[in-house]
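Let's take a walk through this one, a stop at a time. Have the sequence and the model open as you read.

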Amino acid sequence: MSVPESYSYGPYHGGPDPLAPPTDLREAIEEIGSEVMAGASPSSALDELLRRGTRSMTGLDELTRQLWQRRADIQRRHRLDGTLLEARRLLDEAVAAERLAASAEDSDEARFRQARLDALPSGTAAAVSELADYEWATEEGRRAYEQIRELLGRQLLRSRFEGMAEALRSTSPQDVERLTRMLADLNALLTAHARGFDDIDRRFAEFLRRHGEYFPENPRDIDELIDLLAARASAAQRMLNSMTPEQRQELAELSRQAFGDQRIAQQLSQLDDRLKALRPGQDWTSSGRFRGDDPLGLAEGARAMVDLSELDALAEQLSQGYPGARLEDIDVEALRRQLGPDAAVSARRLSELERELREQGLLERAPDGALRLTPRALRRLGETALADVVRSLRTRTGRRDTASAGAAGEPTGSTRAWQFGDSEPWAVPQTVRNAVLRSAAGDGSGAVRLQVSDVEVVETEHRARAAVALCVDTSWSMVAEGRWLPMKRTALALHHLISTRFRADALHVVTFGRHARAVRIEELVGLEGTWEQGTNAHHALLLAERHLRRHPDATPVVLMITDGEPTAHLDADGSAEFAYPPSPRTLAATLSEVDRIARLGAAFTVFRLGDEPRLAAFVDALARRCGGRVVAPDADGLGAAVVGDYLRHRRNR
């Protein structure tokens, strides 16, 4: 009989949650793309995304704000004199019990005790020292006084040893002796390490064998042990630095009363000196300002200083402001301790997002080391931009692109009988079916022979090629008036539509400010707005004409997006001449180029952004001159207007 297996359930601690939803790269790449198209570099866009976060992930800025909030709460809520206050309370309790007993007893001994109590120093440490040889008349007084010594010993040790609370279950004389021996052995081990003894590994192993109960962290070697001790000891020192000189003096005097054995304080002082020498890079000198009402003891105060140090380290990691910074540097477990599991999940997901963007080929390093969007990322941006345009088109017009059957292109799903001169591929199943049906109705021999009348061919959709020149204004006014990003999204949507749906068309993107130049779509996406006077439509149309002439077999289409009248043109020597208001030479040169394009039979559409009267008058005159159109969309409707106009030209063809 087989024994059934048993199962237990609990929190998952094996790294990233295997059931967590995948990282939403589409949302991330869209946000990065929007930043890039608005003029940011891909690197700064990624940094901004990580700082801001997404709808499903808390960003670095919010995590940093929570860190500083927690840091402020620790200092605003607490004070560091908890051990002094508790020692004073216990001392007052012990003295009050003795006074009460002495007042109820009529004897010389009672009066002597009363007089000694009246003569106690006002300071807590001095009073505790004065009562070291006092013969207690009450059990309550004696027990309260012993609690002071135990309190000091426990607090001193716990302020320097993270796991001491569990080890100090009792404080019998034997326990105190074991603690004293452990501290002496620890100091001897550190001294041997500082002197470079060859057998330090053996000494370390022997030390842990004898005193391992005091070190639940289970350090692997002497250096890890020193790191643990130095971190805690430096926190205790920073806590002392944060106290007033009077409080530090009081604690130093009280420490000599720990467990009623001065050796504990002496060994701890030696330990601190050795740790400072071995780890001088630790922060032994800084302090913090605590101004709350909740008193902390030595151990809790050291823990608070450790928390503050950890919060500072996390803030630096989240800032990503140091050379070579990566999100993998963030100590997720420390973040979990300080801010909880949700913050740790957000940090891990941000790190995964950064890694996935690179591993999935959405971001890459250019030869000059700069971060840039890959073609795959650009395709995703194009898909999104085009989807937005299509939604806008359907909302505004409800029209869809249609195509007529014709001589060549893509299959429509139908077939037709072959005619002389057809070059379409045969529709083999229909052709064989025709032959079988004809043979079955023939001589009955069962032989199937193909005849010309049986042949059917695949019907295709006629698609005339187009040479499309998209001229986009990149003068500073496009940036200043908030038209920069809509312009880029429009170009990206048109590029994606042509490259995926109408691949035979040849798209040429031309930017024009003081000068014009042909650009690739990835260049346009990453183009930053610069202060530059001049709208050189003449140069842009010159480059557009050259593109149209390179494709004489294609239907010529020119689409121009601008928000300003032409204020620059090219001179014969290739330099740009600027004038505002536009000079007659600039207007003549621009219209001359329009005439040259019109003679090619090009369909010409100007998309006018803005209502400036001089611009409206000029583009209207330009359209009348070449038989073109003027469309005046708002910035949000620019994409739908341009793509819709391109599709209208295709329907007309």
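This is a predicted model: local features need pLDDT of at least 70, side-chain atom pairs count only at pLDDT 80 or more; totals for chains, interfaces and linings use all residues.

For a spot to check by eye, look at V510, which sits opposite A518 in β10.

## An arginine tucked into a loop

Next, head to the loop between α7 (139-158) and α8 (164-167), where you'll find R160. Is R160 buried or exposed? Its relative accessible area is 10%, and the cut-off for buried is under 20%, so R160 counts as buried.

What does the side chain of R160 make a polar contact with? The partner is the side chain of D272, at 3.0 Å. D272 also shows up among the residues that R160 contacts beyond four places in sequence, along with L229, R232, A236 and L268.

In soluble globular proteins, nonpolar side chains tend to be buried together. Here, the largest nonpolar core takes in 83 residues. Which of its residues have the most contacts inside it? They are L131, F161, L186, F215, L225 and L275.

Zoom in on L131: setting aside neighbours within four places in sequence, L131 touches L91, V95, L117, L120, W136 and Y145. Apart from the core that L131 belongs to, there is another one of 32 residues, including M478, V519, I561 and A641.

Conventions
Residues are numbered from 1 along each chain as its sequence is written. Side-chain values use heavy atoms; hydrogens and water are left out. Two strands pair if DSSP finds at least two bridges between them. Helices (H or I, at least four residues) and strands (E, at least two) are DSSP runs, numbered from the N terminus. Buried means under 20% relative accessible area, exposed over 50%, partly exposed in between (1.4 Å probe, protein chains only). A polar contact is a pair of N or O atoms within 3.5 Å; within protein, one must be able to donate a hydrogen and the other to accept it, and residues adjacent in sequence count only if both atoms are side-chain atoms. Contact means heavy atoms within 4.5 Å. A nonpolar core is a set of buried Ala, Val, Leu, Ile, Met, Phe, Trp, Tyr and Cys residues joined through side-chain atoms within 4.5 Å.
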